[in-house]
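Visitor: I have a structure to look at and some questions about it. Can you take me through them one by one?

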Amino acid sequence: QVQLVESGGGAVQAGGSLRLSCAASGSIFGMNTGWYRQTPGKQRELVADITSGGSTNYADSVKGRFTISRDNAKNTVYLQMNSLKPEDTAVYYCRLYIKWIDYWGQGTQVTVSS
């Protein structure tokens, strides 16, 4: 069992930046990773993901503002969030997955005020 611990969330004004980190207790090598977010009453949605090979994919709403990256040596995944908007307010979750293996973090709150 791999534990994922997110950090870096908080409160920021619109236009500001935050960097989320997701530290895994085990190796992330060969596994896909992603960041998702959820607001009350809505389904969890993909924000960005990065495959084991380094290919990235972003939700249209964050393209050009958010950047996902990973450091396999540190078993850590990052999400750099710039030009934040109030609609980015959500709980952000980290995911580590491959085939039938699927791990989630506990989430970190991001609040963007106007």
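Predicted model: local features only at pLDDT ≥ 70, side-chain atom pairs only at ≥ 80, totals over all residues.

Visitor: What radius of gyration does the chain have?

Guide: The radius is taken over C-alpha atoms, and the globule rule is 2.2 Å times the number of residues to the power 0.38. For 114 residues, the rule puts a compact globule near 13 Å. Along its principal axes, the C-alpha trace spans about 40 × 25 × 20 Å. The chain's radius agrees with the rule: 13 Å.

Visitor: What percentage of the residues in the chain is buried?

Guide: Buried means under 20% relative accessible area, exposed means over 50%, and partly exposed lies in between (1.4 Å probe, protein chains only). The chain has 114 residues. The buried part of them is 45%.

Visitor: Which residues have the most contacts inside the largest nonpolar core?

Guide: A nonpolar core is a set of buried Ala, Val, Leu, Ile, Met, Phe, Trp, Tyr and Cys residues joined through side-chain atoms within 4.5 Å. The largest one here has 29 residues, and those with the most contacts inside it are Trp35, Leu79, Met81 and Tyr92.
Strands E3 (18-24), E5 (45-50), E7 (66-71), E8 (76-81), E9 (90-98) and E11 (108-113) each give two or more residues to this core.

Guide: Leu84 sits in the loop between E8 and E9. Contact means heavy atoms within 4.5 Å. Leaving aside neighbours within four places in sequence, Leu84 is in contact with residues including Val12, Ala14, Leu18, Phe66 and Val112. With a relative accessible area of 2%, Leu84 is buried.

Visitor: What distance separates the C-alpha atoms of Leu84 and Ala14?

Guide: Ala14 is among the residues in contact with Leu84. The two are 70 residues apart along the chain. Their C-alpha atoms are separated by 5.3 Å.

Visitor: Where does Leu4 lie, and what is its relative accessibility?

Guide: Leu4 is found in strand E1 (residues 4-7). Among its contacts, leaving aside neighbours within four places, are Cys22, Cys94, Tyr103 and Trp104. Leu4 counts as buried because its relative accessibility is 6%.

Visitor: Which residues does Tyr58 touch?

Guide: Tyr58 lies in strand E6 (residues 56-58). Tyr58 counts as buried, at 19% relative accessibility. Not counting residues up to four places away in sequence, Tyr58 touches Val47, Ala48, Lys63, Phe66, Thr67 and Ile68.

Visitor: Is Tyr97 buried or exposed?

Guide: Tyr97 lies in strand E9. Not counting residues up to four places away in sequence, Tyr97 touches Met31, Asn32, Thr33, Gly34, Asp49 and Asp102. Its relative accessible area is 17%, which means that Tyr97 is buried.

Visitor: Where does Lys99 lie, and is it buried or exposed?

Guide: Lys99 lies in the loop between E9 and strand E10 (101-104). Lys99 has a positive phi of about 50° although it is not a glycine. With a relative accessible area of 74%, Lys99 is exposed.

Definitions and conventions: Residues numbered from 1 in each chain as written. Heavy atoms only, no water. Helix = DSSP H or I, 4+ residues; strand = E, 2+ residues; numbered from the N terminus.
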